[in-house]
Amino acid sequence: MLTMNGKLNELAEQGKYIKVAIVGAGKMGKGLINQMSRIKGMSPSLVVNRNIEKAVDAFLSAGIGQEDIVISNSLNKINYYLEKGKYIATEDMDIATKANTIEAVVDATGVPEVGAKISLDSIENRKHIIMLNVEADSAVGPILYKKAKEAGVVYTGTAGDEPGAVMELYDFAVGLGFEVLAIGKGKNNPLDLKANPDTVYEKAMGKGLKPHMLTGFIDGTNTMIEMTCMANATGFVPDIRGGYGINSDLRDLTRFFRLREEGGILNRYGIVDYVMGIAPGVFAIFTTKLDEVHKQLEYLNMGSGPNYVLYRPYHLTSLETPITIFNACYYKEATIAPTKGIVAETITVAKKDLKVGDRLDGIGGYTVYGSIEEYKVAKEEKLVPIGLIDKDTKVVKDIRQGQPITYDMVEINKERNIYRLRKLQEEIMG
């Protein structure tokens, strides 16, 4: 980040640009396209969306002239116009990973199956892959990271999303020699495990969000998925299934996040959790074994110890993604990646009573929500990760509301990329 502006200015002065493809022109993708259009040395050169008008609108909203936008699904034509410096709008997702001058692909779809395909294709075509799609990353990120590393490209989550923002604090603390005890994020919305697209519809429309997206926030699934990504990047685990989700202000975080015998709530350190009352921030609790450093921290108004909190009061989601794009393309470094393998899981829980023959609908829907659990527990209990659930998932045993869903309760489409990747991940990585 410290060198990003200077290096990109150098590229721009040479008439060079990091050309990026963005898959998905929804709220996150559109914001990224607008932000990137103001950065020298980097270009949102290609946008993929099923509704081509949304891709064009994203360009226009960023101030790009209609005369500079080319609409096409022809790879040859697109390669030609990319060389000419034009901006491409296409409906063909495969173009993003095959176009000649594209260096990095950003997945802004939020759909697990789409994320699996985009990542695999990007890696095969030796392009860096930036995941705004934490839904896919939580389920198959470890195997995708392994494949990308073997191919010599970067697989990374993004700066600005809570996992990336937490990793920034974690790396800062560990890099300085502190011991990190707990990490986590604030949750914006009160937790409602029964939320569905109908109950949140009006609020979603007011926020300019799709009802399914807001449902995933309110029922906690998105929070659990993000904590799973944090766990797989750091080795930290949930202390209890679903986390504590305490209500706290910033001042009291260190009082709660200490061991029970020390007056806190934790059974162990090295945990990930979420907190009501500090959103939209992220935090890391840390300590030191050195008396002199404790004295220095108290002098610096970090509190009386022995635990201290690092807090970042904001995260700018896709508006920060250019930082990750730059680091991936220029330094070949990830912002956050599942380097620790499969540490945690976002398991599937029934949102209501389900009967044999029912169809599930996945993240942000009417039938299920996600909850974080240690992977070793999820594996032992044969719990299904929510990233594998979609509208083709059929119930084969009656399931009670609030019951975790196991593999023998449902029939999953085994032909999808994400299912095959998941099985490969479990075979190779445990």
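Student: Which residue forms a salt bridge with Asp68?

Tutor: A salt bridge here means a side-chain nitrogen of Lys or Arg within 4 Å of a carboxyl oxygen of Asp or Glu. In this predicted model, Asp68 pairs with Lys86, and their closest N and O atoms are 3.3 Å apart. The two residues are 18 apart and link distant parts of the chain: Asp68 sits in the loop between H3 and strand S3 (69-71), and Lys86 in the loop between H4 and S4.

Student: What else does Lys86 touch, leaving out residues up to four places away in sequence?

Tutor: Its contacts include Ser45, Glu67, Val70 and Tyr81. Take Ser45: Lys86 is 41 residues from it in sequence, yet their C-alpha atoms are 7.2 Å apart in space.

Student: Why are Asp121 and Lys117 separated by about one helical turn?

Tutor: Because they are four residues apart in helix H6 (residues 112-124). Asp121 counts as buried at 16% relative accessibility, while Lys117 is partly exposed at 26%.

Student: Which residue does the side chain of Arg241 meet in a salt bridge?

Tutor: Glu381, at 3.1 Å from N to O. Arg241 is in the loop between helix H11 (221-234) and strand S9 (246-247), and Glu381 in the loop between helix H15 (375-380) and strand S15 (394-395), so the pair ties together parts 140 residues apart in sequence. Arg241 is partly exposed at 33%, and so is Glu381 at 39%. Elsewhere, salt bridges with shared partners join Glu345, Arg422, Lys423 and Glu426 into one network.

Student: How are two packed helices described?

Tutor: By the angle between their axes and the distance between the axes. Here, helix H2 (residues 27-36) packs against helix H3 (residues 52-61) at about 35°, with the axes 8 Å apart. The crossing is right-handed. Lys30, Ile33 and Asn34 of H2 make the contact with Asp57, Ala58, Phe59 and Ser61 of H3.

Student: Which residues form a nonpolar patch on the surface?

Tutor: Tyr314, Leu316 and Leu319, with about 270 Å² of accessible area together. You can find Leu319 in the loop between strand S12 (308-312) and helix H14 (321-331). At 39% relative accessibility, Leu319 counts as partly exposed.

Definitions and conventions: Residues are numbered from 1 along each chain as its sequence is written. This is a predicted model: local features need pLDDT of at least 70, side-chain atom pairs count only at pLDDT 80 or more; totals for chains, interfaces and linings use all residues. Side-chain values use heavy atoms; hydrogens and water are left out. Patches are made of residues with over 30% relative accessible area and no salt bridge: like charges are joined within 9 Å, nonpolar side chains (Val, Leu, Ile, Met, Phe, Trp, Tyr) within 5 Å. Accessible areas come from the Shrake-Rupley method with a 1.4 Å probe; for residues, only the protein chains shown count as cover. Buried means under 20% relative accessible area, exposed over 50%, partly exposed in between (1.4 Å probe, protein chains only). Axes are lines fitted to C-alpha atoms, for helices over the stretch in contact, and angles run from 0 to 180 degrees between N-to-C directions. A crossing is left-handed if the near helix is turned anticlockwise from the far one by less than a right angle, and right-handed if clockwise. Contact means heavy atoms within 4.5 Å.
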